[in-house]
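We will go stop by stop.

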Amino acid sequence: MIVALPKGRIANEVLNIFKKIFNEEFEFENRKLILKKAGFTFLNVRNWDVATYVQKQAADIGVVGLDVITELNSDVLEVLDLGLGKCRVSVAGVKGDNSYKNKTEIKVASKLSNIAKNYFSKKGIPAEIIKLNGSIELAPLVGLSDVIVDIVETGNTLRENGLEEKEVIMHSSARVIVNKNSFLTKKREILDLIEKIKEKNGS
Ligand SMILES: Nc1ncnc2c1ncn2[C@@H]1O[C@H](COP(=O)(O)OP(=O)(O)OP(=O)(O)O)[C@@H](O)[C@H]1O
Ligand SMILES: O=P(O)(O)OC[C@H]1O[C@H](OP(=O)(O)OP(=O)(O)O)[C@H](O)[C@@H]1O
């Protein structure tokens with residue numbers, strides 16, 4: 001069975017779950033992207049690519065944030081909420097300035113451009129989405145956008161930059177996802193691994 005694990009912010013907590021499952025050190029060596037252990041193959045994948053690997057069955061199972069699954073509209077089975085990487089996806093803007101609410105078209109900067117587009121479209125508010133790849137909070141500070149749609153956890157990044165959360169779009173946390181076909185063909189192995197993950201998560 002092939003398991004796609006994310007690099008980045010939730011990597012340590014996810015690797016820690018597998019460390020407990022195997023009861024030994026569990027890490028990708030140096031620059032190696034593949035780790036084989038106890039009949040499993042683990043792939044060290046960028047957070048954003050985990051859903052792609054699983055949807056296309058390059059991996060049977062993976063761990064990724066709900067924000068990413070929603071943004072990519074991934075066609076995968078979401079089987080377990082790990083409760084890690086908890087955050088919100090929110091509309092934020094300059095503190096005390098709500099003038100965006102009166103605009104005929106809002107400029108919205110975001111990495112989560114589909115979530116942003118769908119949110120304003122459902123509200124019937126015309127929005128120009130400006131796709132950025134990081135440091136989203138800069139955009140309203142330099143007039144690139146009226147507001148942003150971005151991840152908020154503690155709110156520190158917003159506060160440090162004179163911004164505030166205006167509207168919460170969704171809550172997110174890390175999910176275990178499974179390829180639909182793999183779930184049919186490798187059901188027992190997959191359910192067995194999910195049980196182990198559930199047992200060791202947070203223990
Ligand atoms: N500040 C945060 N607090 C809590 N969870 C967060 C925070 N930022 C992101 N997350 C969650 O953790 C996941 C991983 O975030 P991370 O910053 O590692 O990846 P990324 O930079 O979005 O992805 P990539 O490395 O592929 O560009 C996000 O998809 C989200 O679900
Ligand atoms: O509410 P906080 O606890 O401050 O966390 C929110 C910040 O964390 C994420 O950024 P990240 O560190 O991943 O950087 P980037 O998206 O700008 O690359 C997110 O895009 C926010 O900027």
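Across the whole of this predicted model, a search finds 14 salt bridges. Side chains of opposite charge can pair when their charged atoms come close.

Select Lys19 and Glu25. Their side chains form a salt bridge, 3.6 Å from N to O. Lys19 is partly exposed, at 33% relative accessible area. Glu25 counts as exposed, at 51%.

Next, select Asp75 and Lys180. This salt bridge spans 2.5 Å, N to O. Asp75 sits in the loop between H3 and strand E5, and Lys180 sits in helix H7, so the pair ties together parts 105 residues apart in sequence. Asp75 is partly exposed at 43%, and Lys180 is partly exposed at 40%.

Now pick Asp146 and Lys103. The closest N and O atoms of this salt bridge are 2.8 Å apart. Asp146 is in the loop between helix H5 and strand E9, while Lys103 is in the loop between strands E6 and E7, 43 residues away.

Select Glu78, Asp81 and Arg175 together. Salt bridges link them in a network.

Then colour by domain. Domain 1 covers 2-85 + 173-201, and domain 2 covers 87-172. Their C-alpha centres lie 29 Å apart.

Last stop: the two domains bury about 790 Å² between them. Select Trp48, Asp67 and Glu71. In domain 1 they lose the most area to domain 2, together 65% of what that side buries.

Note on methods: Residues numbered from 1 in each chain as written. Chains lettered and ligands numbered in written order. Predicted model: local features only at pLDDT ≥ 70, side-chain atom pairs only at ≥ 80, totals over all residues. Heavy atoms only, no water. Domains from an automatic or database assignment. Buried area = accessible area lost by both parts, 1.4 Å probe. Salt bridge = Lys/Arg side-chain N within 4 Å of Asp/Glu carboxyl O. Buried < 20%, exposed > 50% of the residue type's maximum accessible area, 1.4 Å probe, protein only. Helix = DSSP H or I, 4+ residues; strand = E, 2+ residues; numbered from the N terminus.
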